[in-house]
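Please keep the sequence and the model open while reading.

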Amino acid sequence: MKTIFKSFSAIFLPVCALSLAACNQPATKTSTASTMTDSTSTATLPPAAGFEKTVDGKQAHFYILKNKNGIQAAITNYGAHLISIAVPDKAGKLTDVVIGFDNIDGYKKSMSAYYGATIGRYGNRIAKGHFVLDGRRYDLFINNKPNTLHGGKQGFNDVVWDAKQIDDHTIALTYLSKDMEEGYPGNLNCKVTYELTDDNAVKISYEATTDKTTVVNLTNHSYFNLNGIGGGTILDHTVELKAGNYTPVDTTLIPTGKIAPTAGTPFDFSKPTTIGSRINDNDEQLKNGKGYDHNFVLDKHDITTPVATVVGDKSGIKLEVFATEPGLQFYSGNFMNGGNTILGGKTDDHRTGFAMETQHFPDSPNQPQFPSTVLKPGETYKTVTIYKFSVEK
Ligand code: BGC
């Protein structure tokens, strides 16, 4: 696979040692709530207290990243979640654009939505919860009948990571997923680094190594509402997606195996188009997904040009997504149902958030024609996703 770089263990071992050292160091954490500095701001980061908890015997914390523009993002090492980021809208008002909660219980209660989570060991679905690797069958927990979704029963979103805040705009989170955890082979050493850059982007870098051949597909599951979270549906947001093809799915959202052109279908976002303009079309794929819930095959994924650009119709806030991964799951929040109270006090109503999950294709372990998700000992899995915010001119 393109995004897995082979490296000699001599090079990797020091990295591994560094990650382990990071696990043992006390993390720099923030213990107070923080209000955005802009005078027009209404956005307030949640209080830290809701995240200073012990989960499964491990201490979770709340961290703040800042950049030179006064932008702040909140992260927790519980599930390596991105909790919040507030960016200026066209009037300069700081607007929280990522759906989050003010405590860990909020994430636990809404677990099946994976708000803001780091997803692993395998993002997206694996058909019928099993795959064969090197002639051996591996069985996973079926948490999204009849399939496995986003890591299984207890994915990387529901464990406490080790954290080391590197500086005021960077945090590195590490997690060792043990051999056969959730049914996957190999001890997988993972590192996720969040960086809030001075051009108002959240850069997420992933790294992983294994001691046995395994499969890996890590992603971030943030839901955005560029009009501000709780600001109504995302149906009038415009989306541009650089994807001439996508992977159609069956009724259980497993790819059929075909790579189909987007041209002439409701999946053609080659020009900016509102999410809602075709979402209710009489289209078999939209019915299977209950809206958009599909993997787009990216034309280019070299991190230099945006693979997706989304603009909030009311705020003018623009999100550009950059990726090294070959696929992107565009999910229009079809299963959101108002059952959870999010930051700011509103509920997570139907289609009031969308996700752009950079990834390898769903069910790749069972679909050899797709780019491979296999990671072998001695190789380093390395991928990068950037979510960059600005105002549409
Ligand atoms: C999946 C959806 C799922 C959502 C929340 C997305 O990545 O594609 O089908 O409902 O995650 O679990």
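**Briefing**

Strands are DSSP runs of E with at least two residues, helices are runs of H or I with at least four residues, and both are numbered from the N terminus. Two strands count as paired if DSSP finds at least two bridges between them. The model is predicted; local features need pLDDT of at least 70, side-chain atom pairs count only at pLDDT 80 or more, and totals for chains, interfaces and linings use all residues. Residue numbers start from 1 along each chain as its sequence is written.

**Ligand shell**

- Around the ligand stand Ser-112, Ala-113, Tyr-114, Leu-253, Asp-293, Gln-329, Tyr-331, Phe-335 and Glu-357, where a residue is near a molecule if its C-beta atom, placed from the backbone, lies within 6 Å of it.
- The shell consists of five nonpolar, two polar and two charged residues; Ala, Val, Leu, Ile, Met, Phe, Trp, Tyr, Cys and Pro count as nonpolar, Asp, Glu, Lys and Arg as charged, and the others, Gly among them, as polar.

- Another open sheet has four strands in the order 4-5-6-7, with antiparallel pairing.
- Its edge strands, strand 4 (62-66) and strand 7 (94-96), each pair on one side only.
- Neighbouring strands in this sheet are turned by 20° against each other on average, direction ignored, with axes as lines fitted to C-alpha atoms.
- Strand 5 (residues 72-76) is joined to strand 6 (residues 81-88) by five bridges, and Thr-76 has His-81 of strand 6 as its bridge partner.

**Core and chain**

- The largest nonpolar core has 97 residues, of which Ile-75 and Val-202 touch the most other members; such a core is a set of buried Ala, Val, Leu, Ile, Met, Phe, Trp, Tyr and Cys residues joined through C-beta atoms within 7 Å.
- Apart from neighbours within four places in sequence, Val-202 contacts Ala-73, Leu-82, Ile-85, Tyr-194, Leu-196 and Tyr-387 (C-beta atoms, placed from the backbone, within 7 Å).
- Of the chain's 393 residues, 49% count as buried (20 or more other C-beta atoms within 10 Å of the residue's own).
- The chain has three helices and 30 strands.

How values were computed: Axes are lines fitted to C-alpha atoms, for helices over the stretch in contact, and angles run from 0 to 180 degrees between N-to-C directions. A residue is buried if 20 or more other C-beta atoms lie within 10 Å of its own, exposed if 12 or fewer, and partly exposed in between; C-beta atoms are placed from the backbone. Two residues are in contact if their C-beta atoms, placed from the backbone, lie within 7 Å.
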